[in-house]
Structures are given as C-alpha cells and as structure tokens.
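Reader: Please take me closely through one part of this model, the packing of its elements against one another, with the geometry and the residues involved. I would like every term to come with its cut-offs.

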Amino acid sequence: MRPDPSLKWMVLMLVLAQLLACWLVRGLAWHWLLFWAYTLSGCVNHSLTLAIQDISHNAAFGTACAARNRWLAVFANLPVGVPYAASFKKYHVDHHSYLGGDGLDVDVPTCLEGWFFCTPARKLLWLVLQPFFYSLRPLCVHSRAVTRIEVLNALVQLVADVAIFALWGLKPVVYLLASSFLGLGLHPISGHFVAEHYMFLKGHETYSYYGPLNGSPSMWATAWSTTTSPASQAANCPWCGRSPPSTTTTCRSTTPG
Ligand SMILES: [Zn+2]
C-alpha cells in the first residue's frame, strides 16, 4: 500500500484555513456567519471528515506508522468542533469488514430509522439530522469500549475549543460547529453518503460517483467526498475516493482490513 504524501499537507492547509476563518468571523453578524458556515466552511469541514476517513486507512503515513496517522486524524478533527476521529476509526473498521451487516456496519440505518423516516418530509428531516445519526448510531447498534486515543482525542479537542473561545469569543466556536452540522447534513456534497451507503438496487449497497464534484477544481473543496464502491471493499486502500479509474484497479488488489 502506498501512502498519499500530499494528504498531510492538504489537511494542514484546511485546518489553518479554518483557524484563519475563526479570526475573521469573530465580529461577523450571525446571519452572515451562518451563510459562510454553510457555503464555504461546510465544504471544508466535510472535506476534513473525509480526510479523516482516508487517514483511518493509514493513507497519510502508511500502515507502518499507524500512530502518526491517528494523531493526524486528531489534528484534522480540530475544526469539526467535536471529538470524533478516534471513535470513527474504531467503528469504520467494522463498516468495511461487515459491509451492510445489520448490527455490525454502523453506517447502515437502524430498523427504527427505516420505519419512521418513510415519507418525503421525514426523509428530508433525516438528511438534515444525518450528522447526529452518524455519530450516535454506533452507540445504539454496536457500542464498544472507550479507547485511550478516544480520550486523548476528546482532551485535545476540548483544549482547542476553549482556546478559540478564550481568544475570539463564542462566534468562531459556533461557526465551526455550525459548519460541521450544515456541511454534513442537508448539503450538496453530503449526497455521497446516500449514494454510497443505501441500497437502491438489491445487492448493491454502494455506488461510484463520477460527477462534477469529483474533479478539479472542486477537488479542493470536496477533496475526499467521492468515495466509490471499491473503496468500501478495501479498508486499507489509500487512494479510495481520490481518483476513480485508478481506484478500481488499486482497490481490487488491496486486502480489506
Ligand atoms: Zn473507509
């Protein structure tokens, strides 16, 4: 498996951009703050969550440097506002190992979700609340013991949030949290969640995306938002979601794990 040497630099650039944004929005009116949180920062935070997905496959430094990957994920987590990178890694392994498996793949909606969110209006609400379902579902479906890196992830995130609040007040903190909620909810680049993880044709849980959000220059805004079907089969594939043609080739020759 080849690590992606550019990944750590893209993460660094996005985190620094969000830090600059925190300074810029400190005196912004609330309605403009929410506007930029949705249109710009939502894309950046969404992109960071997908970087965390790639890093959870050790794509930044390779499997030989697993600890470095874990800490880069904690760093990429900072603009998201809430600690989740370490927990994501823990449950994401199951997603690949038991793709579509009830009670094991925590990306699959529960029966209760399927039963309740069955009308267009309720499905819309479900899309809006998707960040909550994504983050809370593992606790209900397949809860696992808290790990050391999860605790450290939470402590680092708490220190960062408190530091931003102390430096620039409440608005930057709300800006980051709103960006995560809006960018991972009812947002154009969140469409890949539905395309990847929900079955429209019996036996095909995921779909590849080759649309305009998959290419440059939009790549800068949605760098990793294009995970393909093969990506879901290859847990250690570093290029998944980056370049569809080579993804197909690379992932087929990569052992899931
Ligand atoms: Zn993955």
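Author: Helix H3 (residues 66–77) and helix H4 (residues 85–97) pack with their axes 8 Å apart and at an angle of about 125°, where axes are lines fitted to C-alpha atoms, for helices over the stretch in contact, and angles run from 0 to 180 degrees between N-to-C directions. That angle makes H3 oblique to H4 (under 35 degrees counts as roughly parallel, over 145 as roughly antiparallel, 65 to 115 as roughly perpendicular and the rest as oblique). The model is a predicted one, in which local features need pLDDT of at least 70 and side-chain atom pairs count only at pLDDT 80 or more, while totals for chains, interfaces and linings use all residues. Residues are numbered from 1 along each chain as its sequence is written.

On the H3 side, Arg-70, Ala-73, Val-74, Ala-76 and Asn-77 meet Ala-85, Ala-86 and Lys-89 of H4, a contact being two C-beta atoms, placed from the backbone, within 7 Å. Sorted by class, this contact holds 5 nonpolar, 1 polar and 2 charged residues (Ala, Val, Leu, Ile, Met, Phe, Trp, Tyr, Cys and Pro are nonpolar, Asp, Glu, Lys and Arg charged, and the others, Gly among them, polar).

H4 also packs on H8, where the axes come within 7 Å and cross at roughly 150°, and these two helices are therefore roughly antiparallel.

With 14 residues, H9 reaches 20 Å from its first C-alpha to its last, close to the 20 Å expected at 1.5 Å a residue, taken over one less than the number of residues.

The axes of helix H1 (residues 7–24) and helix H9 (residues 170–183) come within 8 Å and cross at roughly 135°, so the two are oblique to each other. Gln-18, Ala-21 and Cys-22 of H1 meet Pro-172, Tyr-175 and Leu-176 of H9, and this contact has 5 nonpolar, 1 polar and no charged residues.

As for H2, it contains Phe-35, which counts as partly exposed because it has 13 C-beta neighbours inside 10 Å. Phe-35 lies 9.6 Å from Ser-179, C-alpha to C-alpha, although 144 residues separate them in sequence. The loop between H2 and H3 holds Asn-58, whose phi is positive, about 60°, although it is not a glycine; Asn-58 is buried, with 24 other C-beta atoms within 10 Å.

Taken as a whole, the protein chain has 11 helices and 0 strands (DSSP runs of H or I, at least four residues, or of E, at least two, numbered from the N terminus). Buried residues make up 40% of its 257 residues. Among contacts between residues at least 6 apart in sequence, 65% join residues at least 24 apart.

Note on methods. Buried ≥ 20, exposed ≤ 12 C-beta atoms within 10 Å, placed from the backbone.
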